[in-house]
Amino acid sequence: MGLDIYLSKKTFIGAMFKSCGITGEIRLFKRGKKIPIKLDRVSYVIEDIFQGSKTWWLYHWLEIELPESLGNAEEQEISEPLMDRLHDACVEVLAHRNMTDFREVCKEKLHCELKPDISEEALNNFLDEVDELAQATDPSEKTDDAVFIVSASW
């Protein structure tokens, strides 16, 4: 069974309101054909900042940390404190990757128990995902007009 987890950043633009002061232009093409998007009608910009495939460890963390269960194909907003905890947990795990307490830190911070016989390839894939998630949840991603949304599908 597959599991995909998506983390998105939804930023309010409000280009239709002159008071927002949005300027610029949108020029997007798909297979060489222009996509007709008018800037003065854009309300939000949604960026997919993380996509994890078979990231059961992250799903388990979300089950524990989210106030409500994350259902199949449902979206849920993530609070700023939760984003901070996830970022800090990822950074802490990465900082301990070559230390003797690495497995304990994974369990404590990400609620993730790594198998004793995990292959080097699987461990590196896990660490790559944690690193990508640390970057996606970095405080520099936050703005006053942005909210973060998580969704999962299986």
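A salt bridge here is a side-chain nitrogen of Lys or Arg within 4 Å of a carboxyl oxygen of Asp or Glu. The model is a predicted one, so local features need pLDDT of at least 70 and side-chain atom pairs count only at pLDDT 80 or more, while totals for chains, interfaces and linings use all residues. Residues are numbered from 1 along each chain as its sequence is written, and side-chain values use heavy atoms, with hydrogens and water left out.

By the salt-bridge rule, the count comes to seven. One of them pairs R85 with E65, with the closest N and O atoms 3.1 Å apart. R85 sits in helix 2 (residues 80-95) and E65 in helix 1 (residues 56-65), so this pair ties together parts that are 20 residues apart in sequence. Helices (H or I, at least four residues) and strands (E, at least two) are DSSP runs, numbered from the N terminus. R85 is partly exposed, at 40% relative accessible area, and E65 is partly exposed at 23%; buried means under 20%, exposed over 50%, and partly exposed in between (1.4 Å probe, protein chains only).

Next up is E141, which bridges to K9 with the closest N and O atoms 3.3 Å apart. E141 belongs to the loop between helix 4 (120-136) and strand 6 (146-153), and K9 to strand 1 (residues 4-12), so parts 132 residues apart in sequence get tied together. K9 is buried at 9%, whereas E141 is partly exposed at 22%.

Then there is R27 with E25, where the closest N and O atoms are 3.7 Å apart. R27 is exposed at 53%, and E25 is exposed at 62%. Finally, salt bridges link E80, D84 and K142 in a network.
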